[in-house]
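I set out to record what I looked up in this structure. My entries follow in the order in which I made them.

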Amino acid sequence: MSAARRPLLTATAAGTLLCALWFVPSANATDEQGGVRIGVTQEGPAPDDGRLAETGSRDTTPYLLGGTGFLGVGAGFVALAMHRRGRAS
């Protein structure tokens, strides 16, 4: 495979992945006013108001740590690529 085709294949793969993720439904657990209630079968008494459970405040610490970690790994890969590119020339 030609080295000139690698960036094109990488861009194509990234674009395909982004397009596929576009269609992944979001997991919002909210009940909007006037929305349609989806029937869920469960055993035992069910609340009559059709509202979803309150889960409290959102803890964003794991997302911040994970995002920072992935950002660091990505920056490391970029630095490694630049280092290899400099040696190859």
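This is a predicted model: local features need pLDDT of at least 70, side-chain atom pairs count only at pLDDT 80 or more; totals for chains, interfaces and linings use all residues.

Residues are numbered from 1 along each chain as its sequence is written, and side-chain values use heavy atoms, with hydrogens and water left out.

Entry on the fold. I found two helices and zero strands in the chain; these are DSSP runs, numbered from the N terminus (helices H or I, at least four residues; strands E, at least two).

Entry on cover. I asked how many of the 17 residues of α1 are buried. The number is zero, so α1 lies largely in the open. For α2, I noted that it is hardly covered, with a buried count of zero among its 28 residues. Of the 89 residues of the chain, 1% count as buried.

Entry on length. The expected span of a helix is 1.5 Å times one less than its number of residues. I read that α1 reaches 24 Å from its first C-alpha to its last, close to the 24 Å expected. The end C-alpha atoms of α2 are 41 Å apart, which agrees with the 40 Å that its 28 residues should span.

Technical notes:
Buried means under 20% relative accessible area, exposed over 50%, partly exposed in between (1.4 Å probe, protein chains only).
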